[in-house]
Each structure stands twice: as C-alpha cells, then as structure tokens.
Amino acid sequence: MSLLKIALPKGNLYADSVQMLTAAGLDTSGLSDPGRLLVIRNGELEFYIVRPTDVPAFVSLGGVDCAICGRDSLAEQELPVAELVDLGFGACMFVVAEPKDADQSAKEHYRRRGLLRVASKYPNITQRYYDSIGAQVEIVKIHGNVELAPRCGIAERIVDITATGATLRENNLVVVDKILDSTARFVGNLASVRTDVRVRRLAHRLRDLVELAA
Amino acid sequence: MIPVTPRGFKDILPSEARWRESIVTAAQNCMSLWGYAPIETPTLEVGEVLEQGGELSPNLFRLFDVDNELLVLRPDVTLQVARMAASRLADNDLPLRLRYVQPVFREEKSLKAQARQFTQIGVESLGLAGAVADAEVVLLAIDTLAACGLQEFQIYVGTVGVLRLLLDRCLTTQAVDAQWQAAMLAACHQGSVAEIKRLTVAVGLDSKYARVFEELPDINGKGDAIVRCRQLVEPLGLSDGLDQLSATWEILAGVGAERWASIDFSVISAYDYYTGLVFEVYVPGLGVLLGSGGRYDRMMQRFGASAPAAGFALSLEAVMRALLHQGIAITMPETDQPNVVVAGSNAVEAFKQAASMRGKGKAVVIAEDQARAVRTARQKRHPG
C-alpha cells in the first residue's frame, strides 16, 4: 500500500489533533512527543508537522493527502481543499477590536479621513470583511502580537482571532464586531479525496467521533 | 541583471519541447481517429464577449488595445468555440467534432506556485446530445490519456443535474438567497462537507434537503453509486440527469471502461455552464487535476445560437507530471541525432549531398569543417 501523507498543525491545535486521530484508530506513536522531528512515519502513514498557516498550501498542492487545519487558516489562504469534517475543537472567533479608551476615536478618524488603519495577521480576511461592509481601510500586515499596533498608534483597530478574549482584555482592547467562527477542520486534497479511499474512510471515522461526542 | 520570463511563464528548450510534441502528436492522432478535426482560436477575445458567455472568473489576463477595447487572453477554449459556432456556423454544419491544442492564460496571485500559461489538449462535440454523445466524450478522454502514455488514471464521472435541481428547489421553497446558493455551489464543488453542513444549519434548511446536500458528495463507486444516488433523491423528485448518466454508464461498462472510470457525485464543476455530465481526471498518488469535461447544452444560447455541446480539456503540463510520477520512459524519435556533412572547401557540394540525404528521410546538418563536425557529432543532447 502506498503512503498516506497527513499534515498536522504545530501549536495549539496539535495535541487535540493527535488525540482525535488516535481515537479514529490511527497509529500515532511518536506524535505526542516528536521532539525536533518534523516527519514521523508509522507503517503506511506519514505525518508532517507544519506551521498552521502553511497547511492549506501543503494540501492544495498535493504535498500531503489530508490534514487537520483551523478554519482561520483556510479562510485566510483561500486555496482549493475539501473541508471534510468540522472537528469541533480549537474554537475561536475572528473579531474586530479597538482600544477600550478609544471610545469613538476610530469612528471619528474614519469620519474625518475616510479611512481606517487596521492591523492584522490575516490581511485577506480583513480586506474581505471591510469590502463586505463597504469601508475603506489601510491594512498593516503584522506577524504577531497584533495588540501592540493600536497601542503605539500604527493602527486604529485590529482584526485577530480570540478564543477567550483574555489577551484582548489584558491589552485593554474591546470587541467592535465579530467576523467569523473558526474550529479545526479535517481537510483533504481534491485529488486524494477521490483517488485514495483511505481519506474518505478517515473522514467518516472522524465524523462519527464528532457526532458521538456531541 | 540576468533577464527572466514573467512569473508563471517559461521557455521550453528542445528536450522538453520534443517530449511535449510527442505527447501532443499522440493525442492528436487519437482524436483524429475518432473523427475530430483541428481548429485554432485567437489568443485574445473581446472582454464583453467572454462576459456574455458567462466567464466571470477573477483570474483573467486583461489588456487594452489602441482602440481602448478591453481584451482578454483566453482562459479556456470552450467559450471561444461556442462563440465561433454561434457566429460562423450554420445549423446544417452540425454535428461537429473539433479538437485543439492551445495555450491558455490565467492570472494568478504570486506566491501560489501557479503557472499563468499552460497548454490545453481538448475536444468539443457540437450538436450531439444524449447518452451516446456523453459516452463518446468520456471514452475519447480515456483513449487520449492512454495514447499520451499514461498507464494509470481514473475518470470520475457525475452529473450536475441533481444538485442544480436541488439548489433551485431550495431557492423557491427555502429561506435562502442567490448568495447562499453560490456559496453552496462553491462548497459542493470542493466537496467541503463541513462547509455544506454549516450552510444548511445557518439557514435552518429543511432536513430532507440538508441530508441530500451532505450525503451526495459521499456517493461514489461504479454503477451501484447511481442506484444509491437515485434512492436518496428520487423520493424528493430530484433525480434529474440520473437516467442519462445511467445510460451513459451502461455504455462505458459495456465496452470495458469500468477499469478507467468511476462514478463520483462529489464531482461538481465550479463553472455554472455545465448542464449534465461532468467529469474530472486524476491519477493515484498525485494530488493534481489532469483535466475535466462535461456537457454544456445551454452555452451557445448565450451567444444567440442553440445546440447541445460537450467536451473536455486536459492540461499537457499535468499529463507530463503524471507521466514523470509514473516513471514512464520518454522515448524520442530517431531523427534527434542528425548526420553531419562537412562543407570544407566545397559548400555547394555539401548542401547538394545533404539535400539528397534528406530526400531519403535522413536528418542532416552541415558543418563548416572537420573540427566543427566532430563537435556537432559529440553533442549527444540538446540543452534543457
């Protein structure tokens, strides 16, 4: 049997992803403590540990057959992949936020200058959101700690994901609008879904697990 | 600075060009045996014409000419053939079987590893409808892929009929709008069951329709898949296209094409011009679409004519990737290594001798002197 390649996202979705695949009956030995390993092979399974934002590219270009990936990354990248199962974990939300003490200053800024500056790690989602509400914005792409941007004045607002809102509160930011819910998804390469029966089988097992837990 | 081609475009050097030529020739010969005649279409189309045909893709290459006309580099050939058929052909010219090999151009964002030019090998069958015509297109695709040298490939066949009817039914009986319909079609196109589910829940879709949306992408197999699909949708009166698909499949199975074809209801083209049969071509172990096709009986109406039509297009570059993936040896014709005639002091005689050799079908190059002749003969390969 040929290899079935599966990408897993590093970071906060990782542990739940491994647990879910184990529950689905996959041999995940070595995955819970990979050390510095980026590729782990168990029989016909080959796991790739990649950055969450890179998962859509690995899947859509056929580097792997399937993967677990947050909807946030999928929505930002907009690459063609099959979102087969909503796994339910890793829930978070895309929000627009601004400094608590800003009061109406962002609105005032927009009224006077006709545009807003928005900092985000997700420029595409941000652009689509502001297009949808018909507002002109300048987007500053930031790679991390987006909360700092309004604080030092390079943007009036931010678009970021939040699970509990704790980081926003700690940085004195309040939610202005909600854009999009996100959870972890089991995704497949469009060719592999059709050509490799193991991808659909795994999707069915994962779907059953999710329904059982619900 | 060393000059390079624009992103997503490339030069093709002799060894690759020869390989491409051999694949294209094999495909063309195969299509000719099925009675398909060659055509060529212009590289540029008037933007409005493509729009009229329903081409709204965001990745069109656009430019203005000196008359300030918005022109578009052809993103595919099918719309062009429909435009050509509507404007240049009379009804009694039909049916027509046409084939082409042409580059197409698609604008792509940077950093996505996508070519902006690739070559399509395709056919259009105009004025033919029904299961026989559908089966012809699928079988020709199988023959063409085999002629290209592929040892392993699979054509996944479906129909848009069921989903079209279901989407229309939802629009008339459920609390959904055209925007929801478009989002649902996009989700179905990618077989994104998670997204399909989200969309059904979001509008509180009637569970009997939600179930069809969710289960349809998972129905696949051989002839049995059509039966299962019918069981799912017939009670709702949504079995549009299944009779024809069933009849098509009977022909395919009857001639032994089951080895190369499967039924898969997750195959739904993103283009809304398809009206019945749809199919996609993949090879196992390679996450790349090799080509796709189907039936688009209403496309010519958009150009003021009316005739059923079907066809497919394969990507030459994807076929080459699949051949490499399958480790299929590339054999080049003998004429690659030309004979060498030395001109020396008598160039006229050398050209005459070369001409007579070429008359016997031998490839000949003329070298100025012995030293150059030796160097030419040593050149085992062209660069690239």
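Predicted model: local features only at pLDDT ≥ 70, side-chain atom pairs only at ≥ 80, totals over all residues.
Local features were taken at pLDDT of at least 70 and side-chain atom pairs at pLDDT 80 or more, whereas totals for chains, interfaces and linings use all residues. Residues are numbered from 1 along each chain as its sequence is written, chains are lettered from A in the order in which they are written, and side-chain values use heavy atoms, with hydrogens and water left out.

Chain A contains 9 helices and 11 strands, and chain B contains 13 helices and 14 strands; both kinds of element are DSSP runs numbered from the N terminus, with helices being H or I runs of at least four residues and strands being E runs of at least two. Along the principal axes, the C-alpha atoms of chain A occupy a box of roughly 65 × 35 × 30 Å, and those of chain B a box of roughly 90 × 55 × 50 Å. Of the 214 residues in chain A, 50% are buried, while the figure for the 384 residues of chain B is 46%. Here buried stands for under 20% relative accessible area, exposed for over 50%, and partly exposed for the range in between, with a 1.4 Å probe and protein chains only.

Turning to contacts, which are defined by heavy atoms within 4.5 Å, chain A has 69% of those with a separation of 6 or more between residues 24 or more positions apart. In chain B, 69% of the contacts between residues at least 6 apart in sequence join residues at least 24 apart. The accessible surface, from the Shrake-Rupley method with a 1.4 Å probe, is about 10,300 Å² for chain A, with 50% belonging to carbon and sulfur atoms. For chain B this surface is about 18,600 Å², and carbon and sulfur atoms account for 53%.

Charges were also located in each chain. Lys and Arg count as positive and Asp and Glu as negative, with His and the chain ends not counted; each charge is placed at NZ of Lys, CZ of Arg, CG of Asp or CD of Glu. On this basis, the mean positions of the 26 positive and 27 negative charges of chain A lie 2 Å apart, and those of the 37 positive and 44 negative charges of chain B lie 8 Å apart.

In soluble globular proteins, nonpolar side chains tend to be buried together. A nonpolar core is taken as a set of buried Ala, Val, Leu, Ile, Met, Phe, Trp, Tyr and Cys residues joined through side-chain atoms within 4.5 Å. The largest such core has 136 residues, and the members touching the most others are Ile6(A), Phe186(A), Ile155(B) and Phe213(B). Helix 4 of chain B (residues 130-147) gives this core its largest share, 8 residues. A second, separate core has 13 residues, among them Ala75(A), Phe94(A), Ile125(A) and Tyr129(A). Beyond its neighbours within four places in sequence, Phe186(A) has contacts that include Cys66(A), Ile68(A), Leu84(A), Val199(A) and Leu206(A).

Between the two chains, 23 residues of chain A are in contact with 27 residues of chain B. The area buried there is about 1,800 Å², with 42% from carbon and sulfur atoms; buried area is the accessible area (1.4 Å probe) that two parts lose on being put together, summed over both. Arg194(A), Thr195(A) and Arg200(A) provide 34% of the area that chain A buries against chain B, more than any other three residues.

Several backbone details are worth a look. Leu94(B) and Pro95(B) are joined by a cis peptide bond, with omega about 0 degrees, and Pro95(B) sits in the loop between helix 3 (78-88) and strand 5 (96-105) of chain B. Asn172(A), a residue other than glycine, has a positive phi near 65 degrees. Asn172(A) belongs to the loop between helix 7 (166-170) and strand 10 (173-182) of chain A and is partly exposed at 35% relative accessibility. Asn68(B), also not a glycine, has a positive phi of about 65 degrees. This Asn68(B) is found in the loop between strand 3 (62-64) and strand 4 (70-73) of chain B, where Asn68(B) is exposed with a relative accessible area of 63%.
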